[in-house]
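Student: Can we go through this structure together? I'd like to begin with charged contacts, then move on to rings and the pocket.

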Amino acid sequence: MPTVAVIGASRGIGLGLAGLYAGQGWRVHATTRTPDSPGALGEVAGEVHLHGLDVTDRAQQLALRDALGDEGIDVLIHNAGVYGDGMSAAAVNRVNADAPIEMAELLMEAVLRSGQRKIALITSTMGARRGARRGLGKYGESKAALNDRFREREGRWRAQGCLAVVIHPGWVRTDMGGRHAAISVAESARGICDVMAGLDEARHGRFWSWDGREHPW
């Protein structure tokens, strides 16, 4: 049975990913900040293991690593993020740029114990600098910073033996994307799953969109 860890799975795209993988017979480790009140995540059918995690809390990060024990994680997807309304730029960066890298490196040993050895960090088209005609805003700047940090590390991660990418999930009908967004959670989750299924050496280290197209940096 392959294993996936979805960081940030309580709603939206993360919830969609947890349900999709569980429905395909994967063992799912899913994180939420409110494990005692998981909402829809607690209703996902299949082998789903819930973990409490605030991605900015180092003690909780370490607790998740320890809870996994010596298990291998075939696919690690870091989805947790915030848009940042009412937050400082530093706080948004902490969640969107710092935490994904920290979690990938903290759980790298678990990924390398697996058969597939794959990592995806969910980014955004709003963090792409190419073609930008004005400031990216707090959210966009945080995702651009995530992209930069990923590019600094992807060579080392490849050398360690893992395959890693950043993925734009599309404009999705979620609390963040709004009800007028172009695609559904199910479409985005399916696309991300397909990108990860097709991830190989040639696709490593690049910026992909949910629909399988390469995205400019």
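Tutor: A definition to begin with: a salt bridge is a side-chain nitrogen of Lys or Arg within 4 Å of a carboxyl oxygen of Asp or Glu. This is a predicted model, where local features need pLDDT of at least 70 and side-chain atom pairs count only at pLDDT 80 or more, while totals for chains, interfaces and linings use all residues. Residues are numbered from 1 along each chain as its sequence is written, and side-chain values use heavy atoms, with hydrogens and water left out.

Student: How many salt bridges does the whole structure hold?

Tutor: The search finds 13. Take glutamate 71 and arginine 27: their closest N and O atoms are 2.6 Å apart.

Student: Where do glutamate 71 and arginine 27 sit in the chain?

Tutor: In distant parts, 44 residues apart. Glutamate 71 is in the loop between α2 (58-68) and β4 (75-78), and arginine 27 is in strand β2. Helices (H or I, at least four residues) and strands (E, at least two) are DSSP runs, numbered from the N terminus.

Student: Is glutamate 71 buried or exposed?

Tutor: Buried, at 17% relative accessibility. The cut-offs: buried is under 20% relative accessible area, exposed over 50%, partly exposed in between (1.4 Å probe, protein chains only). Arginine 27 has 21%, so it counts as partly exposed.

Student: Which residue forms a salt bridge with arginine 149?

Tutor: Aspartate 98, with the closest N and O atoms 2.1 Å apart. Arginine 149 lies in helix α5 and aspartate 98 in helix α3 (residues 89-106), so this pair ties together parts 51 residues apart in sequence. Both are partly exposed: arginine 149 at 25%, aspartate 98 at 23%.

Student: What about glutamate 105 and arginine 153?

Tutor: Their side chains meet in a salt bridge, 3.5 Å from N to O. Glutamate 105 lies in helix α3 and arginine 153 in helix α5, so the pair ties together parts 48 residues apart in sequence. Salt bridges that share partners join Glu105, Glu152, Arg153 and Arg156 into one network.

Student: Now rings. How many aromatic pairs are there?

Tutor: Five. Rings of Phe, Tyr and Trp (its six-membered ring) pair if their centres lie within 6.5 Å; planes under 30 degrees apart count as stacked, over 60 as edge-to-face and the rest as tilted. Tyrosine 21 and tryptophan 26 are edge-to-face, 4.7 Å centre to centre with 65° between the planes. Tyrosine 21 and tryptophan 26 are both buried.

Student: Which residues form the aromatic cluster?

Tutor: Phe150, Trp157, Phe207 and Trp217. Arginine 151 lies over the face of tryptophan 217, 4.3 Å from the ring centre. A charge sits over a ring if NZ of Lys or CZ of Arg is within 6 Å of the ring centre and within 35 degrees of the ring normal. Arginine 203 lies over the face of tryptophan 208, at 5.2 Å.

Student: Last topic. What lines the largest pocket?

Tutor: There are 38 lining residues, and Asn79, Ala80, Gly81, Val82 and Met176 are the closest to its centre. The pocket holds about 1,000 Å³ of space. On a 1 Å grid over the protein atoms alone, a pocket is an open set of points where a 1.4 Å probe fits, with protein on both sides within 12 Å along at least five of seven lines; lining residues have an atom within 4 Å of a point.

Student: Which element gives the largest share of that lining?

Tutor: α1, with three residues.

Methods:
Grid points are joined across faces, edges and corners, and a volume is the space filled by probe spheres set on the points.
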